[in-house]
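Work through the exercises below with the sequence and the structure open. Each task is followed by a solution in steps.

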Amino acid sequence: MVNSSVISGFYKLSPEERLAIIKETAGLTDDEVRLLENTGSLPIDVADHMIENFIGVLPEPMGIAVNFQINGKDYLIPMATEEPSVIAAASYAAKMVRDGGGFHTSSTAPVMIGQIQVVKIKDAQTAKKQVLNSKTEILKKANEQDPVLNSFGGGAKDLDARVIDTSMGEMLVVHLFVDCRDAMGANAVNTMAEAVSPMIEELTNGRVYLRIISNLAVKRLAKAWCTVPKEAVGGAAVVEGIAYASAFAAADPYRAATHNKGAMNGIVACVLATGNDHRAIEAGGHAYASLNGVYTTFSKWIKNSEGDLEGSIELPMAVGLIGGAVKTHPIARIAMKILNVKSANEFAEVLAAVGLAQNLGALRALSNEGIQRGHMSLHARNIAVTAGAKNELIDLVAEQMVKERKVRVDRAEEILKELNQRPS
Ligand code: MEV
């Protein structure tokens, strides 16, 4: 067992050497080590260069949500998730939306914000003016950092400065607005923010500390909306139930967190499958939902004058088609090929539609029969596997547990035992 977590030079070792140490200190069995050594479709040398201290991979199931029609185009949505009901719910919701003409979407230009924090300024308002007066030179310096981005029409386009009050006094916060085109943009933005900081220190006579992208990407928004005929959603009472659910979440942060989590179930699964940064999307989405000072929802459902359901979603969507794991991870590349989007904007819009579908799937179940029935039948298969069921026994054990409404490992073990004792 672990005596000390200090392992000097761990990062310099090969994956095999690291694994040998972890095997020893954590008391792993040979079988456990073999599982870690099997990196499947992610080659060891690729994985070892993606992160530090690499010892193995965590495979997660990837599936395809079907039925999506967005702006008249059909999409297959790759999703990586450990939650059993996510893909089924998204596919089901997309089918309902399809009956109403599919999803419609829009997005802003892919502009990210780079923040530069300036402290120890004598007169913050004068410093702000100095920065704003030197906008052209600052943007020029920023753009010298990334000629490739410039050649694609991107780059630092504008800047702003705000004086904020903090527990350590006034600070000037400079915002660089960078059009990142088809990149998520963190590298480009951070490089630019660092490069212009000496100029900003000189202009303000202040001290720059943080120079970093903001995940509250209010200038990189994606929207999706749809109309679902009441017949497709399950009738007038379900439409009403979903509208009430939406009003509840909009007014109550406790519910809004779960409502938004439901949308994120779909968004994050797709973002993860494509090797993009899902933490950035989650942070941005939740911060956007709090912009007015109280946490609320980033999606909304109402009953329209025909009695049909109308839904919309809007949130920051900083995803890219190039850079990082999107290009280096072989499965992420395949996921991108399946998704078949031509720009980061198209990708962002698809994700907004996926979030809206996932949200609808959850709300429809919640305002109708409740989610446990659907969840439990899918969850039951996991429990059957946990109890040791294999092949066709997985479904047999799961079905029996659902029929009995006893989805528990102890019951799965009993059923498995009974099935194994059957004469063949
Ligand atoms: C579960 O992962 C997601 C839900 O809780 C979302 C919701 O309540 O809207 C079902």
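A residue is near a molecule if one of its heavy atoms lies within 4 Å of it. The model is predicted: local features need pLDDT of at least 70, side-chain atom pairs count only at pLDDT 80 or more, and totals for chains, interfaces and linings use all residues. Residues are numbered from 1 along each chain as its sequence is written, and side-chain values use heavy atoms, with hydrogens and water left out.

**Exercise 1.** List the residues around the ligand and sort them by class.

Step 1. Around the ligand are Glu-83, Arg-255, Thr-258, His-259, Lys-261, Gly-262, Asn-265, Ala-362, Leu-363, Leu-366 and Ile-371.

Step 2. Ala, Val, Leu, Ile, Met, Phe, Trp, Tyr, Cys and Pro count as nonpolar, Asp, Glu, Lys and Arg as charged, and the others, Gly among them, as polar.

Step 3. The shell then divides into 4 nonpolar, 4 polar and 3 charged residues.

**Exercise 2.** Find side chains with an N or O atom in polar contact with a ligand oxygen (a pair of N or O atoms within 3.5 Å).

Step 1. In the side chain of Glu-83, an N or O atom is 2.7 Å from an oxygen atom of the ligand.

Step 2. For the side chain of Arg-255, the distance from an N or O atom to a ligand oxygen is 2.7 Å.

Step 3. For the side chain of Asn-265, the corresponding distance is 2.9 Å.

**Exercise 3.** Which element gives the most residues to the shell around the ligand?

Step 1. Helices are DSSP runs (H or I, at least four residues), numbered from the N terminus.

Step 2. Helix H11 gives the most, with 6 residues.

Notes:
A polar contact is a pair of N or O atoms within 3.5 Å; within protein, one must be able to donate a hydrogen and the other to accept it, and residues adjacent in sequence count only if both atoms are side-chain atoms. Helices (H or I, at least four residues) and strands (E, at least two) are DSSP runs, numbered from the N terminus.
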